[in-house]
Amino acid sequence: MDFTRLFDILDYQQKRFPQQMAMAGREHDAWQTWSTAELLAERNKISAGLLHRGLHKGDKVGVLAHCGSPKWVIADGAMLQTGIIPVPIHATARPDEIAHIIRDSGMKACFVSNENMLEKLRAADPGLEFIFSFEKLRDPEQGAVIYWNALAVEPENRDLEKIQYLRDSIRESDLATLLYTSGTTGMPKGVMLSHLNIVSNVKSVLAIVPVGPDITAVSFLPLSHIFERMVTYVYQAAGAGVWYAEAVEHLPRILPEVRPHFFTAVPRVLERMYERLLDERNKSGILRRKIMDWAIRLGERFPYSGERDMPVDYFFKRLLADLFVFRHWRKRMGGRIQYIAVGAAALQPRLGRLFSAAGIDVREGYGLTETSPVIAFNRFEPGGVHFGTVGIPAPGVDVRIGEADPEAPENDGEIEVKGPNIMSGYFNLPEETAARFTADGWFKTGDLGKFEYKRFLRVTGRKNELFKTTSGKFVAPAFVEQQLQTSPFISHALVVGLNQPFVGALLVPNFSYLEAWCAENNVHWTSEQFMVLNPKVEKLFQQEVDRINEERLGTIEKIRAFRLLHDAWTPENGLLTPTLKLRRGPLLARYEKEVADIFAMKG
């Protein structure tokens, strides 16, 4: 049996790898588990319920949830097999963005996961025909929200016949889902992805990621993102058991409980795990601190990359580091973790090396919502990884570098992609769709890049973010920001310099790391707001910036002035996208005075 449409995948699991524990989610502070057969049966009940409510093939139904869950997956499958188009909405979306998605898609109904999501939906004044809820909610409008158990209908023969008729009518080229990209500016655009688009990517990833029926996975990234949603289909196809966490903040408790072998993450998750390692180090005695410092420095120099063999002396040092530090770190993550796949933003190479040295193979990939999403990925097998790159193009995906951009640093070209994973277009935006393709049919990613080591792709910046200084030279801010964030002291960086004589930066410190440094260097800690003004802290950051200027940046890219900020940058306050990328417009608007001060300082 093969699968060609998304709803086929769970049936494929039942035929090939039927699981007694296929998925688990938290309900009322306890795990509820589902077998493959139970997922299939519940999927038919929700399909029947949707059809009984008068929803039809082609209707758009939203999913606004605070986290992934088995019910999210069941609702998704129930819609897909009846031809209803799921429209996931990010939990961090603003009311005006939610209202835009509802209007633009023509949404008729929406699932919500809890009362907070219901409030967000109602704040958008949706005017939907139905609101469905995963949980039993307090509903002041008595009966306006239909609870999961009330929606689910035990299907009779005629219901099953209708579901089968609808399944048979769906082709792999049909629209499967509508995903609204958050974007860094403007209102989100609806990306149209077919069954073929996503299924092709699922099969590509299955060929290169070590998941199977003997693998346990934890999922904590939002299923509104194509990255985690596609990976959920991969887990289903591989027969891997999936445990859904309610929030990334719960990982320190859930990892030892579930003891997973595999999970996907964004770089910030690995940064937090690293910070918890540093917290342990800071609470240790002098000897233990010295040992941990040595092990961390050793890990950050992990030499295994590409075809390089591990030097013998490093091999034995790593064994010692594992004995004294790394195995204890792994134990706090459950003790069985072997693989982490990272996407959505750039990973600091030193962290990829450190985790890999600790026996947890971290591999970074690259993709877009428009590409379903994986374009390239570092492999888990020997010779398949180069830290600092996003890996080798995925099977079935062709990647080329467009004509060198004379305005780009080092004349890098735009990354262009072709394959069955490329979207059919933006919903209701034919002109914008046409603008994203070359004359010979390649999709233009908007990212600049180049190939290194013959086949490894490196992303060097965004084409539309380049700016020119008054010297007439172009700077790619994303590249400079990535270099700044190699410092453990820097959490976020925004590089500025449009029409200015030099390049500057706004920096948000990693306050956990900074507080530890202050304790060791007898710098009195007060509050984050005042520490960014402390002369000793400013001197520390000047040393870090000077080091990065010298080691990593070209003459034009060097940071000549910066400002430290204490504010948090989050998706909730609109300064980051849901995938934790910078929203440059809102950031520049919010910190207009601080940016002006940077250039006044050196004016």
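These are my notes on a few residues looked up in a predicted model.

**Entry: surface patch.** Val312, Phe315, Phe316 and Leu319 make a nonpolar patch of about 410 Å². I then took one member, Leu319, and placed it in helix 13, which covers residues 312-332.

**Entry: cysteines.** How many disulfides does the model have? I found a count of zero. The cut-off for a disulfide is two cysteine sulfur atoms within 2.5 Å. Cys67 is in no disulfide, and the nearest cysteine sulfur to it, that of Cys110, is 15 Å away. I noted that Cys67 is buried, with a relative accessible area of 10%, since buried means under 20%. I also checked Cys518, which counts as buried at 1% relative accessibility.

**Entry: arginine 122.** Where does Arg122 lie? I located Arg122 in helix 5, residues 115-123. Its relative accessible area is 24%, so Arg122 is partly exposed. I also looked up the separation between Arg122 and Leu576, which are 454 residues apart along the chain. Their C-alpha atoms are separated by 23 Å.

How values were computed:
Residues numbered from 1 in each chain as written. Predicted model: local features only at pLDDT ≥ 70, side-chain atom pairs only at ≥ 80, totals over all residues. Heavy atoms only, no water. Patch = residues over 30% accessible without salt bridge, like charges linked within 9 Å, V, L, I, M, F, W, Y side chains within 5 Å. Areas by Shrake-Rupley, 256 points an atom, 1.4 Å probe, with all protein chains shown as cover. Salt bridge = Lys/Arg side-chain N within 4 Å of Asp/Glu carboxyl O. Helix = DSSP H or I, 4+ residues; strand = E, 2+ residues; numbered from the N terminus. Buried < 20%, exposed > 50% of the residue type's maximum accessible area, 1.4 Å probe, protein only.
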